[in-house]
There are 2 protein chains.
Amino acid sequence: MTPTERTRLRREHQRGSYDPQSIYDILDATTQCSVGYTIDGKPYVTPTFHWREGNHVYWHGSSASRMLRKATDAEVCLSVQIIDGYVMARSAFHHSANYRSATLFGRAFKVPEEEKAARLDAFVEHLWPGRTEVLRPMQPQEIKATTILGLEITEASAKARSGPPIDDDADYGLPIWAGIIPMTQVVGAPIADPRNLPDLAAPDHIINFTPDRTSQ
Amino acid sequence: MTPTERTRLRREHQRGSYDPQSIYDILDATTQCSVGYTIDGKPYVTPTFHWREGNHVYWHGSSASRMLRKATDAEVCLSVQIIDGYVMARSAFHHSANYRSATLFGRAFKVPEEEKAARLDAFVEHLWPGRTEVLRPMQPQEIKATTILGLEITEASAKARSGPPIDDDADYGLPIWAGIIPMTQVVGAPIADPRNLPDLAAPDHIINFTPDRTSQ
Ligand SMILES: Cc1cc2nc3c(=O)[nH]c(=O)nc-3n(C[C@H](O)[C@H](O)[C@H](O)COP(=O)(O)OP(=O)(O)OC[C@H]3O[C@@H](n4cnc5c(N)ncnc54)[C@H](O)[C@@H]3O)c2cc1C
Ligand SMILES: Cc1cc2nc3c(=O)[nH]c(=O)nc-3n(C[C@H](O)[C@H](O)[C@H](O)COP(=O)(O)OP(=O)(O)OC[C@H]3O[C@@H](n4cnc5c(N)ncnc54)[C@H](O)[C@@H]3O)c2cc1C
Ligand code: HEM
Ligand code: HEM
């Protein structure tokens, strides 16, 4: 992808990349994003889930959602961030973080009525392969109540840091503990709904769940 | 806090709250936020760290940072989100997430030169109590190169979901596994910089680190 005036990294630009695969990998590694949009020229940010299909990213909610209404056919900025660790240096100044993040810009569009069911199925199937088959089928009024926005991935940047702290040369001689405190998001053991029917085992897609779809 | 036109929750508003302590607790439970701002009327979102002191939230970076320059004396939206679990229902429609999130609006201000060192010390000390004492002291040119923005917490909302899925009455009779897949951010074992001086033990503030400052 060609960097634009909006996506060209100035600060720590050596940590940036613009190739689609790097951006896909970061988008696919987390379900959570922050959608930025404006109302009357003022900035708003809403946390929401996203999923990727090919060169598009999607998110969903109520057809009455203010965010979805204001973002339709309007400029948005979709941001994802993953923290991999705290970078502990020998000076306060050189403390940092290891992270992966992606920033996407563009005009969000409304997914047409007749494609919504397929997009929602993909959302569920990407996270829990096989689940759409076992669920009570989606109802027309449920699909109707739902709006899905899409964004083509045409103007985007990735930025990532990894590795040990980078200290001033002189500071490496100081007896100060430096290094990385790793951070990870972990999936806990599933908690069955007390109202589940008796003797219902959790299916594989629950037991093997990971929100990281990078390897799929 | 009184809800305003910007912060009054419409969707699932029973999950909202406006009391300062609820908002403080969510801000303090994570270091990561997303700052929304505008350039030429268009939305931008930048992931960054924040910390809270009393009724103010702060974030920092290069004095040359575009985000910090554009957000100074301008309207911003600061959003934090924490995912606690995936809510697995008996229909696709009722899938959801357990989460805690906070949204703050207001005009960001630049922390005056003479207060910057104290704010940066507080940032470090909140996360790693005692660390400022052991670090190579902050240098005047490091403080000069750094801009800190502040936001008074006057217009803000919290929203949180917890508990089991909420399904349609009829669907509770179906043999479909429903429940919660818990999600947590965990701190890994510290990784010493290969360039640390020999026999340097990790101090307590490294070993006992948690990014959650709720209980402090
Ligand atoms: C978990 C986390 C914590 C962070 N904490 C801090 C912090 O405390 N202080 C700090 O200064 N910075 C922090 N950053 C980095 C921050 O996101 C910005 O990259 C940095 O502040 C420079 O901002 P800028 O507006 O000057 O960027 P510029 O380089 O001017 O931005 C120009 C364009 O580059 C791209 N870009 C910039 N940053 C990113 C990014 N992170 N990911 C993808 N594309 C990007 C965007 O397209 C943006 O429009 C953090 C990042 C993450 C993921
Ligand atoms: C991890 C996570 C995942 C989510 N995934 C989805 C999703 O996939 N689909 C979906 O529809 N929603 C999702 N949400 C909820 C989403 O953030 C919004 O609350 C919801 O979409 C309603 O948006 P709205 O613009 O209609 O809100 P409105 O109720 O119209 O917003 C009005 C005001 O209420 C406040 N507010 C709204 N949402 C929040 C919030 N989350 N936290 C704090 N204050 C808030 C803000 O001040 C906002 O300006 C998720 C939230 C989290 C934290
Ligand atoms: C709690 C300790 C701190 C942490 C976790 C931290 C974290 C970060 C992170 C993640 C970045 C972004 C780097 C990037 O763009 O990849 C950053 C940038 C920056 N930090 Fe900090 N920081 C800390 C303390 C400080 C202190 C004490 C100072 C000043 C004395 C400082 C000054 C800066 C500056 C100037 C930048 C901008 C770098 C650039 O864009 O060129 N930081 N910090
Ligand atoms: C992968 C499965 C899904 C997940 C994880 C998920 C998650 C969420 C979350 C977290 C919310 C926000 C609730 C809140 O505001 O507190 C939401 C809202 C919503 N979802 Fe989903 N969802 C999923 C699938 C679906 C499907 C398949 C549909 C439609 C058939 C749907 C329709 C809606 C609607 C209409 C809302 C808005 C609720 C409201 O604001 O009143 N979701 N979803």
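Residues are called buried when their relative accessible area is under 20%, exposed when it is over 50% and partly exposed in between (1.4 Å probe, protein chains only). The model described here is predicted, so local features need pLDDT of at least 70 and side-chain atom pairs count only at pLDDT 80 or more, whereas totals for chains, interfaces and linings use all residues. Residues are numbered from 1 along each chain as its sequence is written, chains are lettered from A and ligands numbered from 1 in the order in which they are written, and side-chain values use heavy atoms, leaving out hydrogens and water.

Helices (H or I, at least four residues) and strands (E, at least two) are DSSP runs, numbered from the N terminus. In chain B, helix α3 (residues 116-127) has its end C-alpha atoms 17 Å apart, in agreement with the 16 Å that its twelve residues should span at 1.5 Å a residue; the expected span is 1.5 Å times one less than the number of residues. Its buried residues are B:Lys116, B:Arg119, B:Leu120, B:Ala122, B:Phe123, B:Val124 and B:Leu127. With contact meaning heavy atoms within 4.5 Å, these residues pack against β3, β4, β5, α4, α5 and β9 of chain B.

Turning to chain A, an open sheet of four strands has the order β4-β5-β9-β8, with antiparallel pairing. The edge strands, β4 (51-53) and β8 (109-110) of chain A, each pair on one side only; pairing requires at least two DSSP bridges between two strands. Seven bridges join the antiparallel strands β5 (residues 56-62) and β9 (residues 146-152) of chain A, and A:His56 has A:Glu152 as its bridge partner in β9(A).
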